[in-house]
Amino acid sequence: MAETKPYKIAIVWRGDRAARAAATPSNNRYHRVFEELAALGIAAAPAVFDEDFAAEFRDQLLATDGVLVWVNPLQDGLKTRAVLDPLLRDVASRGPWVSAHPDVILQMGTKEVLHRTRDLGWGMDTHLYRAATEFRDGFPARLHASGPRVLKQNRGNDGRGVWKAELVSAAPGGLTIVRVLQALRGSVPEELPLRDFIARCKPYFADGGCIIDQPFQPRLPDGMIRCYMAGDKVAGFGHQYVKQLIAPPPEGPDSPAAQPGPRIMHGPDAAPFQPLRRKMEAEWTPQMMQVLGVDRASLPIIWDADFLYGPRTSSGDDTYVLCEINVSSVFAIPDEAPAAIARLTLQRLRGG
């Protein structure tokens, strides 16, 4: 009886020519994913990407059955996915499946998803501005009426273009002064005229960009819960005491007291997070798929949803509000996640 050839998978991350030449399944941070795939009989190979050798990279992907991608939308403030995404679309159109597919990233992995899913149980008072004039005309009244707001540009990472804005003073007929703080590490609060801050945000509308506007969550000091998903099933959780959008202590933004705490990882069965797990698996993920038009087979092999604690219910139970969905490059991950990734990869390879 003829042996069945093993499925072939490429695992993609960004690097230079030297990194591509040196990469093996065991000398990178994805080694546990390689190990779990191998345990299921899947042959996985590194596929380091850079624009300088895109053609060679494309040929490698076309020789596989599937592609798992970990590449940020913006790397080191310079490199984007402008070359990679069309290449991945082309590869996917020729046979190998790609996760996460660039079109799914555009559906799930931009801040606009917060507006599109605002009526789900994880949603809140969320507004969308598609033009600088719309932002200029609409945001001041909202800031005056509802207290501190959080503004997010549609795409980015590491807190770039995410701001807390709160009113300082608004003299009749005079300048409105706001205090703003960017989520980028090392940022400090700044007071300036609201009109100047609005002008500062104008670049976020370039190339079809937009701004999402949400209320600031007072329970931010209680931390953020990262819910890791393998397709439509929870693969684990991470809890972290964040410092973004919280004014740094007197010692300054680079002091130890200003640094976020470690993200403590938990498996999918961790007791404190079971209410959130039930919501994600039974309600919110299926509802999100319906709203976005994403089917189960297109969900990323690994993605995460970041939640902040919302107001407690009358009985004292926690509520959760969606802060962000990450799709392009979800890592680090809980110890249980590599096995979940491998199982779901095999299922996808078999057409499930």
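Me: Leaving aside neighbours within four places in sequence, which residues is R81 in contact with?

Reply: R81 is in contact with V69, V71, N72, P73, P86, L88, A100, P102, I105 and S328. Contact means heavy atoms within 4.5 Å. This is a predicted model, where local features need pLDDT of at least 70, side-chain atom pairs count only at pLDDT 80 or more, and totals for chains, interfaces and linings use all residues. Residues are numbered from 1 along each chain as its sequence is written, and side-chain values use heavy atoms, with hydrogens and water left out.

Me: Is R81 buried or exposed?

Reply: R81 is buried, with a relative accessible area of 4%. Buried means under 20% relative accessible area, exposed over 50%, and partly exposed in between, with a 1.4 Å probe and protein chains only.

Me: Where does R81 sit?

Reply: In the loop between β5 (79-80) and α4 (84-93). Helices (H or I, at least four residues) and strands (E, at least two) are DSSP runs, numbered from the N terminus.

Me: What lies 2.8 Å from a polar atom of the R81 side chain?

Reply: The backbone oxygen of V71.

Me: Now α4. At what angle does α3 pack on it?

Reply: About 30 degrees, with the axes of α3 (residues 54-62) and α4 10 Å apart. That makes α3 roughly parallel to α4. Axes are lines fitted to C-alpha atoms, for helices over the stretch in contact, and angles run from 0 to 180 degrees between N-to-C directions. Under 35 degrees counts as roughly parallel, over 145 as roughly antiparallel, 65 to 115 as roughly perpendicular and the rest as oblique.

Me: Which residues make the contact?

Reply: A54, F57, R58, L61 and L62 of α3, and L84, L87, L88, D90 and V91 of α4.

Me: And how do α2 and α10 cross?

Reply: The axes of α2 (residues 31-39) and α10 (residues 337-349) come within 8 Å and cross at roughly 45 degrees. That makes α2 oblique to α10. R32, V33, E36 and L37 of α2 make the contact with P338, A339, I341, A342 and T345 of α10.

Me: Last one, L184. Where is it?

Reply: L184 is in the loop between β10 (176-182) and β11 (190-193). At 28% relative accessibility, L184 counts as partly exposed. Leaving aside neighbours within four places in sequence, L184 is in contact with D158, G159 and R160.

Me: How far apart are L184 and V69?

Reply: 115 residues in sequence and 25 Å in space, C-alpha to C-alpha.

Notes: A polar contact is a pair of N or O atoms within 3.5 Å; within protein, one must be able to donate a hydrogen and the other to accept it, and residues adjacent in sequence count only if both atoms are side-chain atoms.
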